[in-house]
Amino acid sequence: MNIEDIKKPENIVYRKPALLTDNIMHYCPGCSHGTVHKLIAEVIDEMGIQDKTIGISPVGCSVFAYNYIDIDWQEAAHGRAPALATATKRLCPDKYVFTYQGDGDLASIGTAEIIHACSRGENIVVIFINNGIYGMTGGQMAPTTLLGMKTSTTPYGRDAKLNGFPIKITEMLAELDGTAYITRQSVHTAPAARKAKNAIRKAFEYSSKGIGLSFVEIVATCNSGWKLSPVEANRWMEEHMFEKYPPGDIKDILK
Amino acid sequence: MAFKGIIEVDTQRCKGCSVCVANCPTGSIRLSSKVNGKGYNYAEMVGDGCIGCSNCAIVCPDSVITVYRAKVQ
């Protein structure tokens, strides 16, 4: 069997999802954002809800998410995506509304917004990318930075006495009665990415049931900020980030 | 039942992060010694070991890989 026999349209088993635009992503090589964008595009495509989905993009590297997924988008002020999503969902209750936020956006300046959106039980999806660093502004310490982790503002490693402890925001939100589905995933390997996709799909399905907020944390890498190659960053994440942020479902009220 | 696969890489969009290389179970991908228009060593298929499992394509952050898969008679 030669290459021409295999390379036929009917033999395609995987290709770029139709919802991803042809714009070249501005993310660094190996950045987890691209993979998560793709999974969201696949889920929206498979559920057939392209014309019913509104995304809220954050401030941070993923501020330009609206350039890459072909759906309706709004751009929120720093950390305020859950507030904008609340308004959008309440005005258009038949739409699927999701926010896409990093850890600098959600766990720092936007902590109040996410906690109150969760406690109000808004029927939205929150995708939370946690790479433990401020990627866009030059690798400064974030609230989720691990103890001992070197960043441009903690060059000798994060010290609990000086900088405080990392926040496990996902576990905190699981305590709130307004949340329906809380999970933590990653996209560094193919099995992990497939599981993350199922979790994102479940979150979108839950958001249409009117049972509360669905929250998907993706433990991600920032290889530029961490000063590692993309493959080394994935390995470092497995060895260090998973200890503090273990993947798995944390809360599911329909189980 | 054995499968045979082929990957097609959009070489001009590939950023050469090599996450696909690390995720290939049969060692059928490598970074090319040639570079694309942006100066990245892009991914390419090597040998005939590809089984079309799509692992490389699903982890590709820039979605540049198309996977073909056919049954071997």
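**Stop 1: a strand pair across the chains**

Start with strand E1 of chain A and strand E4 (residues 65-71) of chain B: E1(A) and E4(B) pair in the antiparallel sense over 2 bridges. Strands here are DSSP runs of at least two residues (E), helices are runs of at least four (H or I), both numbered from the N terminus, and two strands pair if DSSP finds at least two bridges between them. Pick Ile12(A) and you'll find its bridge partner in E4(B), Tyr68(B).

Quick housekeeping: this is a predicted model, where local features need pLDDT of at least 70 and side-chain atom pairs count only at pLDDT 80 or more, while totals for chains, interfaces and linings use all residues. Residues are numbered from 1 along each chain as its sequence is written, chains are lettered from A and ligands numbered from 1 in the order written, and side-chain values use heavy atoms, leaving out hydrogens and water.

**Stop 2: the whole interface**

Now select everything in contact (heavy atoms within 4.5 Å): 36 residues from chain A and 30 residues from chain B. Together the chains bury about 2700 Å², with carbon and sulfur atoms giving 64%; that area is the accessible area (1.4 Å probe) that two parts lose on being put together, summed over both.

How many salt bridges are there between chain A and chain B? The count is 1, a salt bridge being a side-chain nitrogen of Lys or Arg within 4 Å of a carboxyl oxygen of Asp or Glu. Zoom in on Lys7(A) and Glu8(B), whose closest N and O atoms are 3.4 Å apart. On the chain A side, the elements giving two or more residues include H1 (3-6), E1 (12-14) and H2 (32-47). The largest share, 4 residues, comes from H2(A).

**Stop 3: salt bridges within the chains**

Over all chains, the structure holds 15 salt bridges. Arg184(A) sits in strand E8 (residues 179-186) and Glu171(A) in helix H7 (residues 169-174), 13 residues apart. Arg184(A) is buried at 1% relative accessibility, whereas Glu171(A) is partly exposed at 25% (buried is under 20% relative accessible area, exposed over 50%, partly exposed in between, with a 1.4 Å probe and protein chains only).

Next, select Lys16(A) and Asp22(A), which meet at 3.1 Å, N to O. Here Lys16(A) is partly exposed at 23% and Asp22(A) is exposed at 61%.

Over in chain B, Arg13(B) and Asp10(B) form a salt bridge at 3.8 Å, N to O. Finish with Glu42(A), Glu46(A), Lys197(A), Arg201(A) and Glu205(A), joined into one network by salt bridges that share partners.
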